[in-house]
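The following exercises concern a single protein chain. Each task is followed by a solution in steps.

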Amino acid sequence: MKLGVSSCLLGTLCRYDGSHSKDDFIVNVLEKYFEFVPYCPETAIFGSPRETIRLVDEEGSIKAYTSKSNKDVTTQLEDISYRSTSMIANDNLCGFILKSKSPTCGLERVKVYEKDTHYNEKRGVGIFAKKN
Ligand code: SF4
């Protein structure tokens, strides 16, 4: 059975700082039962290392901005997420393990910032997680 997994959880060096978030349970235990299909939407667009991204509430609409250069990357992330839906359908996955807290992969309680401030609430869903 095929299982989609956020690539960083498998030990791939694809995080914003060039590191990984390897999860030993996934890599050492689940790998005996599943064939992993890795996805990293951010690296596919921006490479690694890269600037961090954060979700921002812009008058009720949730956008994704790079945190230092303040560039709106919402459309790029939505596009790659949308394109991934057909890949995921073709991969015939039985499920998906998504990295928590990520503005791209996080399934729930992702930080959403008030525009131009550091104030945030944990109420967001990552853009890739939302589309898929
Ligand atoms: S959380 Fe998602 S986008 Fe971020 S590094 Fe991991 S796989 Fe890539």
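**Exercise 1. Charge and surface**

How many positive and negative side chains does the protein have, and how far apart do the centres of the two sets lie?

Solution. The structure is a predicted model, in which local features need pLDDT of at least 70 and side-chain atom pairs count only at pLDDT 80 or more, while totals for chains, interfaces and linings use all residues. Residues are numbered from 1 along each chain as its sequence is written, and side-chain values use heavy atoms, with hydrogens and water left out.

Step 1. Lys and Arg count as positive and Asp and Glu as negative, whereas His and the chain ends are not counted. The place of a charge is NZ of Lys, CZ of Arg, CG of Asp or CD of Glu.

Step 2. The protein has 19 positive and 18 negative side chains. The centres of these two sets lie 3 Å apart.

Step 3. The exposed surface comes to about 7,800 Å², and carbon and sulfur atoms supply 49% of it; such areas come from the Shrake-Rupley method with a 1.4 Å probe, and for residues only the protein chains shown count as cover.

**Exercise 2. Fold and dimensions**

Solution. Step 1. Helices (H or I, at least four residues) and strands (E, at least two) are DSSP runs, numbered from the N terminus. On this basis the protein has four helices and seven strands, in the order β-α-β-α-β-β-α-β-β-β-α along the sequence.

Step 1. The radius of gyration is 15 Å, close to the 14 Å that the globule rule gives for 132 residues, so the protein is as compact as a globular protein of that length. The radius is taken over C-alpha atoms, and the rule is 2.2 Å times the number of residues to the power 0.38.

Step 2. Along the principal axes, the C-alpha atoms fill a box of roughly 45 × 30 × 25 Å.

Step 3. Of the contacts (heavy atoms within 4.5 Å) with a separation of 6 or more, 58% are between residues 24 or more positions apart.

**Exercise 3. The nonpolar cores**

Which residues form the largest nonpolar core, and which residues does alanine 64 touch?

Solution. Step 1. Buried means under 20% relative accessible area, exposed over 50%, and partly exposed in between (1.4 Å probe, protein chains only). Buried residues make up 36% of the 132 residues.

Step 1. A nonpolar core is a set of buried Ala, Val, Leu, Ile, Met, Phe, Trp, Tyr and Cys residues joined through side-chain atoms within 4.5 Å. The largest has eight residues: Ile53, Leu55, Ala64, Val73, Leu77, Val110, Val112 and Ile127. Strand 3 (53-58) and strand 6 (110-114) are the elements that give two or more residues to this core. Apart from it lies another core of six residues, including Val5, Leu9, Leu30 and Phe36.

Step 2. Alanine 64 belongs to strand 4 (residues 61-66) and is buried, at a relative accessible area of 0%. Not counting residues up to four places away in sequence, alanine 64 touches Ile53, Arg54, Leu55, Lys71, Asp72, Val73, Thr74, Leu77 and Ile127.

Step 3. With the same exclusion of residues up to four places away, leucine 77 touches Glu42, Ile45, Phe46, Ile53, Ala64, Thr104 and Ile127.

**Exercise 4. Backbone geometry**

Solution. Step 1. Most residues other than glycine have a negative phi, and most peptide bonds are trans.

Step 1. A cis peptide bond joins serine 48 and proline 49, with omega about 5°. Proline 49 is in the loop between helix 2 (41-46) and strand 3.

Step 2. Glutamate 59 is not a glycine, yet has a positive phi of about 55°. Its place is the loop between strand 3 and strand 4, and at 84% relative accessibility glutamate 59 counts as exposed.

Step 3. Aspartate 116 also has a positive phi, near 65°. This residue is in the loop between strand 6 and strand 7 (120-124) and is exposed, with a relative accessible area of 64%.

**Exercise 5. A loop cysteine**

Where does cysteine 40 lie, and which residues is it in contact with?

Solution. Step 1. Cysteine 40 lies in the loop between strand 2 and helix 2 and is partly exposed, at 21% relative accessible area.

Step 1. Leaving aside neighbours within four places in sequence, cysteine 40 is in contact with Ser7, Cys14 and Arg50.

Step 2. Cysteine 40 and serine 6 are 34 residues apart in sequence, and their C-alpha atoms are 5.9 Å apart in space.
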